[in-house]
Amino acid sequence: MGYLVHQYGKDDKLYPKNPKERAPVDNMLHFDLGALYQSFASYFYPKVFFNKEYDPEMELRVKDRLEILDTILSTNVYAAGSKMSIADLSIVCSLSVLPTFKYSLDPYPNVKKYVAKVKSELPFYDKVAKKGLEEFEAMVNPKKN
């Protein structure tokens, strides 16, 4: 994602070139990939791909990561501070799979508000994400005839 912004972006607003400004963005990108999304994959994917039961210990990891994000968003407008960044694009994409699993963000009001805010500020979100999310939904929750 960073490469695409550097290569094709008109400016560095989404991924600052200044290392001090970029550090919080990188931190949240790493949090998403290494903790948040990883917890979703560890909890949901064994059920989806291998028909295993949900592991309660893995659900605790999901809740923990969402609580961490909720705490961060209690003081930040966006994941990495006061400006939208590629970290927000990444995190909102990760969070967008949760409705497929009927997993509610209600216990995490800051996360819920953040997802709605970021989606509303991205005019291309529905166009870009809709088809992939629908295909994922069909794979996870196939209609039975």
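1. In this predicted model, Glu59 is partly exposed, with a relative accessible area of 23%. Its salt-bridge partner is Lys63, and the N to O distance between the two side chains is 4.0 Å. Lys63 is also partly exposed, at 31% relative accessible area. Both residues belong to helix H3 (residues 56-73); they are 4 residues apart, which means that about one helical turn separates them.

2. Lys131 is exposed, because its relative accessible area of 56% is over 50%. Glu135, by contrast, is partly exposed, with a value of 48%.

3. Lys117 and Glu121 form a further salt bridge, in which the closest N and O atoms are 2.6 Å apart. Lys117 is partly exposed at 29% relative accessibility, and Glu121 is partly exposed at 32%. The count of salt bridges in the model comes to 9.

4. The model contains 10 aromatic pairs. In one of them, the ring centres of Phe44 and Tyr103 are 5.7 Å apart and the planes stand at 85 degrees, so the pair is edge-to-face. Phe44 lies in helix H2 (residues 19-50), whereas Tyr103 lies in the loop between helix H4 (86-95) and helix H5 (109-120); the pair therefore ties together parts that are 59 residues apart in sequence. Both Phe44 and Tyr103 are buried.

5. Tyr45 and Phe136 form another edge-to-face pair, because their planes stand at 65 degrees, with the ring centres 6.3 Å apart. Tyr45 is in helix H2 and Phe136 is in helix H6, so this pair ties together parts that are 91 residues apart in sequence. Tyr45 counts as buried at 17% relative accessibility, and Phe136 is buried at 15%.

6. Which residues do the ring pairs link into a cluster? They are Tyr37, Phe40, Tyr43, Phe44, Tyr45, Phe49, Tyr54, Phe101, Tyr103 and Phe136.

7. Finally, charged ends are also placed over rings. The charged end of Lys47 sits over the ring of Tyr54, at 5.8 Å from the ring centre. Likewise, the charged end of Arg22 sits over the ring of Tyr15, at 5.5 Å from the ring centre.

Conventions. Residues are numbered from 1 along each chain as its sequence is written. This is a predicted model: local features need pLDDT of at least 70, side-chain atom pairs count only at pLDDT 80 or more; totals for chains, interfaces and linings use all residues. Side-chain values use heavy atoms; hydrogens and water are left out. Rings of Phe, Tyr and Trp (its six-membered ring) pair if their centres lie within 6.5 Å; planes under 30 degrees apart count as stacked, over 60 as edge-to-face and the rest as tilted. Helices (H or I, at least four residues) and strands (E, at least two) are DSSP runs, numbered from the N terminus. Buried means under 20% relative accessible area, exposed over 50%, partly exposed in between (1.4 Å probe, protein chains only). A charge sits over a ring if NZ of Lys or CZ of Arg is within 6 Å of the ring centre and within 35 degrees of the ring normal.
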